[in-house]
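I set down here what I looked up in this structure. The entries follow the order in which I read it.

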Amino acid sequence: MTQVWYQNDIQEEVLKQKKIAIIGYGSQGHAHAQNLKESGFDVVVGLRKGKSWDKAVEDGLEVKSVADATRDAQVVMILLPDEHQPSVFEQEVRPNLQRGDALAFAHGFNVHFNQVVPPQDVDVFLVAPKGPGHLVRRTFTEGAGVPSLFGVEQDVTGECTKLALAYAKGIGSGRAGVLETTFQEETETDLFGEQAVLCGGLSSLVKAGFETLTEAGYQPEVAYFECMHELKLIVDLMYEGGLENMRYSISDTAQWGDFVSGKRIVNEDTKSRMKDVLTDIQNGTFAKGWILENQVNRPQFNAINTKENNHQIEQVGRELRELMPFVKQPAKPKKDVVTH
Ligand code: NDP
Ligand code: MG
Ligand code: MG
């Protein structure tokens, strides 16, 4: 098995001697800043004036402009939305980096696709938690953590691996496991996972199942429970003990149906289309399209988003969840559509 680092395998001294700037205070930013601070590291948050600035101050953190925070720190973690990173980096971060500083990311996209080109004389690493920021924070406060990948892209000081590992430990990932990767592997697998399985594949599967039932005349409410609501229970079982544990809990009828029908839905043909998706990620086609979409202010993104939010499964789901107070409301309202 590949090496997995835990708490006791990781030394913190190299990072303890430095000041860490967390640029951005959103999903990942608030979690990294607070976890690192509570782990005993010296943290400053870099932001523009606005909602996040006020929140970080309220949370008891030292907050400065992006330029000032970068200047103060020796380790600069960029936790802005990926599409905003290149411009903020060029205008406010790059001019304030010093030789021997470390530049860090939580996702390899911008470095791997050359949207951010770090100067040659700084360390460059990534620590990518394999979970949303709110879980990075919540699990930390509960004494646990979210697993992370770390990767070193440039090591000018000879200490970059130690820095990355200490950073991962500081946000709580040493309690869950830290694995080594590269910017390329993290970027390509992250994009593939979210497109083919976690987000794209799953939401398309749920919608197709719902539509199949409603088009056959079944009640949308019943279709919602079958194809969306019950998913969480199944996924929790998989999370806790893999497919075997899920199959142990479901009825034998469900398990037999899983064996005979699953492969009629997702088969070699589906896999060959997954390979096409992976190829588009690897050869930069996906990245190019997404970068261009942002440059023209996201016309397709916004149109598809509106259409998706009005799908019948969403309408019936909203009504049903109103009647199920035990189903927790989303932690925060859906992110505003970014325009720039
Ligand atoms: P968010 O969208 O949550 O980040 C928003 C933050 O960035 C806010 O604090 C916002 O401040 C600030 N911000 C935006 N534009 C600017 C700007 N021009 N100048 C200064 N501050 C700005 O990002 P995420 O946490 O989702 O993502 C951060 C990184 O982490 C990305 O690289 C992402 O790929 C990676 N990642 C994210 C995961 C997740 O769970 N979301 C999981 C793993 C990795 P304001 O309030 O002023 O707008
Ligand atoms: Mg991702
Ligand atoms: Mg059933």
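How many bridges join β8 to strand β9, and do the two run parallel or antiparallel? I found three bridges between β8 and β9 (residues 178–180), and these strands run parallel. I took strands as DSSP E runs of at least two residues and helices as H or I runs of at least four, numbered from the N terminus; two strands pair if DSSP finds at least two bridges between them. In this pairing, Ser 148 stands opposite Val 178 in β9. The chain passes from β8 through helix α8 (residues 160–170) to β9 in a right-handed β-α-β crossover, that is, clockwise from the first strand over the helix to the second with the strands pointing away from the viewer.

I note that the model is predicted: local features need pLDDT of at least 70, side-chain atom pairs count only at pLDDT 80 or more, and totals for chains, interfaces and linings use all residues. Residues are numbered from 1 along each chain as its sequence is written, and chains are lettered from A and ligands numbered from 1 in the order in which they are written.

I next looked up strand β7 (residues 123–129), which six bridges join to β8 in antiparallel fashion. Pro 129 stands opposite Ser 148 there.

I then checked burial in β8 (residues 148–154): five of its seven residues are buried, meaning that 20 or more other C-beta atoms, placed from the backbone, lie within 10 Å of their own.

Lastly, I looked up the contacts of Val 76 (C-beta atoms, placed from the backbone, within 7 Å). Leaving out residues up to four places away in sequence, Val 76 touches, among others, Ala 21, Ile 23, Leu 97 and Ala 104.

Notes: A residue is buried if 20 or more other C-beta atoms lie within 10 Å of its own, exposed if 12 or fewer, and partly exposed in between; C-beta atoms are placed from the backbone. Two residues are in contact if their C-beta atoms, placed from the backbone, lie within 7 Å.
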